[in-house]
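Work through the exercises below with the sequence and the structure in view. Each task is followed by a worked solution.

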Amino acid sequence: MDTEPVGAIGGLMRELGKLPGIGPKTAERLTHFLLGAKRSDVLALADALRAVKDEIRPCRQCCNLTEGDLCVLCADPRRDASVLCVVEQPRDLFALERSATYRGLYHVLHGRLAPLDGIGAEQLTIDKLLQRVRAGGVREVIMATNPTLEGDGTALYLASELAATGVRVTRLARGLPSGSGLEFANSQMLADALEGRRTF
Amino acid sequence: MAAEKAQALVLRTTDWSETSRIATLWTREFGKVRALAKGGRRLKSNFENALDLLTHCRIVFLRKSSGSLDLLTEAQVVRRFPRLRSDLAALYAAYYVAELLESMTEEYDPHPLLFDAALELLDALGSPRVDEAPVVGPYVVRFELVLLREVGYSPALDGCASCGGPVDESRLAFSCAAGGLVCPNCVGQFRDRQSLSPAGRKMLRTLQQPAEDALRQPWEAGVRREVRQVLSQYVTYLLGRQPRLLPYLGS
Ligand SMILES: [Zn+2]
Ligand SMILES: [Zn+2]
């Protein structure tokens, strides 16, 4: 039987092994790389790790992760503050920003309503979103939660909560990706595309 | 290690690693099955689509020896229920069905009638019929009564649950501990008793029968609430805790 590495080296291997996509072999390789690396490089990594936990917090307005009080998007005067796009996670916001077509602001829920897992409205940033819309100045809220049953359920719940405010509530379209052929789409994408068809 | 085929409803999925997850499936042929779905988190795969909650799918899985997880190798959508995405009452009723199936049945304990009852509810509440928005209560009650019968806890609604004797029609008393109505002689032994109106009893008895028109009967709102309360307490008693979805459930 192998002997488990103990002490500082074993600790580092175990921590690295918790990262996604890193198995025991890779964790061992990374550990030995770090053991052989320059002290300043390793400490810079340690500082960067500490900084993401100590200095990153939710944006006061949209709950996106940020280092300041307001995130760069909320602080940008060129963004259209009358349109809000509601996403589940910061990574969804990053994905939409990469598409470089959206000029409005966001609201990050940090999850989705999952009553079967005991996740209700209180566990998310829903109250903050409702306050934000009720405060005025918002004309459209775009639901960009994931197209899963729970994501759709979350959008449905939010739409019903927002109905009284009179704000326009829309849902991201789903269907075929541009630049790809019909034959490459799976059956659900085709079904969604047919359902969401538009007139020319 | 045998490859099994089954029809299934997806009750729950939990992430297992970056690329795989564990699906809890309720199959018609084998009852509840938990299986590892490798690549089940990869976007755009048919696999991923079929594993969305409350999807009716056809699956193939490798049944492992006891102690290790079954392995899901195929999943194809048979149908999904779009109205659950546009009607909150229907969505919560469907979540409740998933919760009861998961928490009140054991793995590899098949109940085909229960599978059919779940599908019947999902079909009625989750299929797009623009002309009508069905009242969810009776559908949920019908499903609960099938479930209770299948797991051996059908509530006694004709005679006394304790001694089998006749019950007092003018003062019906329901006890969760007794498992149904109790007669005047036995009622003293059951401190958890609650009163049940003749109309509430009638709704329960009617929905215990398989007739479909009972589901669309215009049950009075007060009666629906009473029946909801009795069944909520009974299910909570049997489960030993309140189901998570109960507070969301309409009558
Ligand atoms: Zn912000
Ligand atoms: Zn009795």
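**Exercise 1.** Compare the span of H4(B) in this predicted model with the span expected for its number of residues.

Solution. Start with the length: H4(B) has 15 residues. At 1.5 Å a residue, counted for one less than the number of residues, the expected span is 21 Å. From its first C-alpha to its last, H4(B) reaches 21 Å, close to that value.

**Exercise 2.** Determine how far H4(B) is covered, and describe the phi of Gly152(B), which follows the helix.

Solution. A residue is buried if 20 or more other C-beta atoms lie within 10 Å of its own. In H4(B), 13 of the 15 residues are buried, and the helix is mostly covered. Next, look past the end of the helix: Gly152(B) has a positive phi, near 90°.

**Exercise 3.** Explain why H2(B) is described as largely enclosed, and find what covers its buried residues.

Solution. H2(B) has 17 residues. Of these 17, 12 are buried, so the helix is largely enclosed by the rest of the structure. Among the buried residues are Tyr92(B), Tyr95(B), Tyr96(B) and Glu99(B). Their cover includes strands E1 and E2 and helices H3 and H4 of chain B, together with helix H7 (149–162) of chain A.

**Exercise 4.** Describe the side of chain B that touches chain A.

Solution. First, count: 20 residues of chain B are in contact with 16 residues of chain A. Then assign elements: H1 (46–50) and H2 (88–104) of chain B each supply at least two residues of this side. H2(B) gives the most, with 5 residues. Finally, sort by type: this side of chain B has 10 nonpolar, 3 polar and 7 charged residues.

Methods. Residues are numbered from 1 along each chain as its sequence is written. Chains are lettered from A and ligands numbered from 1 in the order in which they are written. This is a predicted model: local features need pLDDT of at least 70, side-chain atom pairs count only at pLDDT 80 or more; totals for chains, interfaces and linings use all residues. Two residues are in contact if their C-beta atoms, placed from the backbone, lie within 7 Å. Helices (H or I, at least four residues) and strands (E, at least two) are DSSP runs, numbered from the N terminus. Ala, Val, Leu, Ile, Met, Phe, Trp, Tyr, Cys and Pro count as nonpolar, Asp, Glu, Lys and Arg as charged, and the others, Gly among them, as polar.
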